[in-house]
There are 2 protein chains.
Amino acid sequence: MNILFVMYDQLRFDYLSCAGHPYLHTPNFDRVAARGVRFTNAYVQSPICGASRMSFYTGRYASSHGAQWNGFPLRVGEHTLGDHLRKAGMDCWLIGKTHMKVDAEGMTRLGLSPDSIIGARQAECGFDVWVRDDGLWGEGPDGFYDEKRSPYNEYLKSRGYAGENPWADFANAGVENGEKASGWMFDNADKPANIREEDSETPWLTTRTIEFIEQAKAPWCAHVSYIKPHWPYIVPAPYHDMYGQNHVPAAIRADVERENAHPVYAAFMANKIAAAFQQDDVRRKVIPAYMGLIKQCDDQLGRLLDYLEETGRMEDTMIVLTSDHGDYLGDHWLGEKDLFHEPSVKIPMIVYDPRSEADATRGTTCDALVEAIDLAPTFLEAAGGVEAGHILEGRSLSPWLRGETPDWREAVISEYDYSVTPMCASLGVTTKDARLFMVFDGRYKLIHVEGGFRPMLFDLENDPEEFHDLAKADGHEAEIARMYDLLARWGRRMSQRVTRSDADIAAMRGKSARRGILPFLKDGSEVPEELTEAYRGPALQDHVSSEKGGR
Amino acid sequence: MNILFVMYDQLRFDYLSCAGHPYLHTPNFDRVAARGVRFTNAYVQSPICGASRMSFYTGRYASSHGAQWNGFPLRVGEHTLGDHLRKAGMDCWLIGKTHMKVDAEGMTRLGLSPDSIIGARQAECGFDVWVRDDGLWGEGPDGFYDEKRSPYNEYLKSRGYAGENPWADFANAGVENGEKASGWMFDNADKPANIREEDSETPWLTTRTIEFIEQAKAPWCAHVSYIKPHWPYIVPAPYHDMYGQNHVPAAIRADVERENAHPVYAAFMANKIAAAFQQDDVRRKVIPAYMGLIKQCDDQLGRLLDYLEETGRMEDTMIVLTSDHGDYLGDHWLGEKDLFHEPSVKIPMIVYDPRSEADATRGTTCDALVEAIDLAPTFLEAAGGVEAGHILEGRSLSPWLRGETPDWREAVISEYDYSVTPMCASLGVTTKDARLFMVFDGRYKLIHVEGGFRPMLFDLENDPEEFHDLAKADGHEAEIARMYDLLARWGRRMSQRVTRSDADIAAMRGKSARRGILPFLKDGSEVPEELTEAYRGPALQDHVSSEKGGR
């Protein structure tokens, strides 16, 4: 079996027609959902690209792998999906974005050359690279945000687009009065990107994916990782005007959220991104573009699915459609992601398993509490690998795909490290304390705030829109304590005993006795003589008596 | 400055005259204590050789480095004391035991050759090796417990001792009626080991240490790591009969401990080692030998101190005397270590700092709650290195040595993973749940037992002998909850963000804006024009209008 592990960047869980979006029609996402299982309670381990992805790619919580924000390198030697799958005989390829930052210090310390296969995989989060393009070719007075080469920019140049950064000048800019109308400015979000649609990022990566599959030798896993619908919010024609102002839902926000708001939430509501998305004209410009970007993703997904059907690959390829986090889009007075309201931390998660064992669940939904880290063990099982629960912290979704009801986790955990953000400085929090933890048990969502702050608490059964932070007032001590117990149990988890599997440990038991370690012998009669044989026999010399003249 | 980091294996905190032992006179330990600070509340991070040592050598909790039992490899790439000190320009050498097990799978996965300097350090827990000898050359039907070569056995052979394993046949055996009297049998503990005293393990390692210092180029750190007074309990003349039955204190144990005992404690009380030490004749044989081994350590320490004084090294060498854990010796109905009563988890910790800043504290004691992981940052500071709080979880003891009273931790943490032991199987606990956590705040000691068991709680103010497990009955809910809060806070600690220091993080803030990442611009007026300059200017081509015939 092969695995097509498709990720869309910053795709909200509810911007798909199969998830109930009132205006956005995504027949190709729905087509996969109709043949697989749509998990309706899937959460990321951190609502930020880099940390979330490192969790997907390692199967481990953010606190376990340590790469807790964009640009925090994944430490050298951390086990990745690629390590696990290759051990099971499956290749593991990257086509698109990872947001992986190499642990250059660690590579140097261990003497690893980036040019070796091992070094290259360490630098690429365990993937072999078909195409690596993180899709953010922003440029400012200090240079490029991303200093690597951009295969996409090279592609655009080869197609005749001018300049050093056609990503910025064409794919992510429109034109107004002969001037560039940058996609970075929300005012330009309704303009068509100044690029042939087939040259824009999503079709480009889809073409690269088809090229990969054309030549791939089974079994393979391909991580097809689109930059879109992530900002800059601008999309080529015809997608730029498929949706208009009447397709923009009212923001999910309420004045009560701003009353006596938790200081950390208040700080995020006061940042520049939130301030922009609090303006309705920004939402009216941005959201139709965001929807257009998703519609384009859906059309390209259709192209890919058609290709898989034509080539017979639908019969032997598992398909996963997911996202690394959502997008507030002005909900809860916020933009971007970062915090733990559903539009940010919940993700789409659609899994199609071609095996007949999964026939019973096709076209169904599953509301189990799923974590992003569940995919790695799901893939390892699909690859026929040996279970690696001492490293992988997620749980295989296969039982759900087969229609079983396994024992399952009581709560999902997500984390956010805001030490790099201006909010850390404005709140006067130390870098070690600039951390948030979400525990959600399917009804209550507790957010623990390190650094001496009170927690936040939401009851999603009675307040599905998460307007009422119950921890603002007394009266919910029991629920808070219960959620803290769940968090504490998670905090004590066995996450770093990665050099010994359960099977290794069972095999070690009792072995030292058969290698002569018996620190409980009074006279040796406690164990079979074979275990003490080495201790017996004639004295080989007698130094004591020779020096003391006999005893 | 140099650092002499001396560890004795399994040396109890209270078997020194400076710590109040009534019969055992240790003038040389006392001599260091008189010139330094004796820390009276020092605890190991795990009361078992391997895990404890990996915490000493990494400055990190057992749950953080993951090598939680003997023979669990320290994962490749984990930062060690050697990494930190070498970065500060100080060499870091090993003379003796580490109990390090190489992460061979990780080395292979990263392509590291054990023959390279980098590979050798990875295999030796970051040390350069002057002598490595783990000192347990037990042998049984499945071969040697330790499959490496033994420099000590080679030394003995060179001195004319016969056979393949003179460690077992001479250094750790006496003679009775012309037969070997193995030191593994407690019945033989009162016999002199069949070896010239100067050839026994402690003098041998002391000689190797002096040889090292003779040739060492400052600044150096030397980890001098004695196997003794660890079992086998047998010692050469004249130490074998320096102490007798009237020097054996009564066991610290009470019948109340066995009443309604916690199931995990009960399982340990029922193991073979405990059963042996519950016999008073075992204690009467073993404890005088244990005292003789310590007395020999003290004499050899005197030899080393004399050498340092003669050569002027006392003026520029920090000296630390400590242990990796204690020894129950029958207290609390137990033998060995493993659990968290004071005789097991508390260690001697004497620190002599030659610098004049430490003059004010010479000969004093300090009752701050110290952890084994505090030594690594203490050494790093002594070496003049850059603070590494994102990796090292301990705190430098230097303020205490200077007579200051720093803000300090509220509680010490120790852990024990018993997954490999027969008790895990007999209790029917999974390998992931076979873990214990101790939290001690200077008065209350809570032991959390994973796997659904109740905790244990001791009040050392009212019950310094730890006979009364207060969690057997109701009435201490508030203290238990408070201790659990301390444990939960520790569980949420930032332990794996090792690739970014606090300084790195502060330096990252705001940098992305100057590299063109500005996801909050409505029209660009939000920021200085220099930040949006790259977004402006004439459109380089107009694909949209060229394809659509102008707009």
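1. Let me start with the interface: chain B and chain A bury about 10900 Å² between them, and 57% of that area is on carbon and sulfur atoms. On the chain B side, the residues that lose the most area to chain A are Arg492(B), Arg515(B) and Lys522(B), which together make up 8% of what that side buries. Keep in mind that this is a predicted model.

2. Counting residues at the same interface, 123 from chain B are in contact with 124 from chain A.

3. Now chain A by itself. As for the outline, the C-alpha atoms fill a box of roughly 110 × 60 × 55 Å along the principal axes.

4. On secondary structure, I get 20 helices and 21 strands in chain A.

5. How much of chain A is buried? The figure is 65% of the 551 residues, with under 20% relative accessible area as the cut-off. The accessible surface of chain A is about 18400 Å², and carbon and sulfur atoms account for 49% of it.

6. Last, the charges. Chain A carries 60 positive and 85 negative side chains. The centres of these two sets are 4 Å apart.

Technical notes
Residues numbered from 1 in each chain as written. Chains lettered and ligands numbered in written order. Predicted model: local features only at pLDDT ≥ 70, side-chain atom pairs only at ≥ 80, totals over all residues. Heavy atoms only, no water. Helix = DSSP H or I, 4+ residues; strand = E, 2+ residues; numbered from the N terminus. Buried < 20%, exposed > 50% of the residue type's maximum accessible area, 1.4 Å probe, protein only. Areas by Shrake-Rupley, 256 points an atom, 1.4 Å probe, with all protein chains shown as cover. Lys, Arg positive; Asp, Glu negative; His and termini not counted. Charge placed at Lys NZ, Arg CZ, Asp CG, Glu CD. Contact = heavy atoms within 4.5 Å. Buried area = accessible area lost by both parts, 1.4 Å probe.
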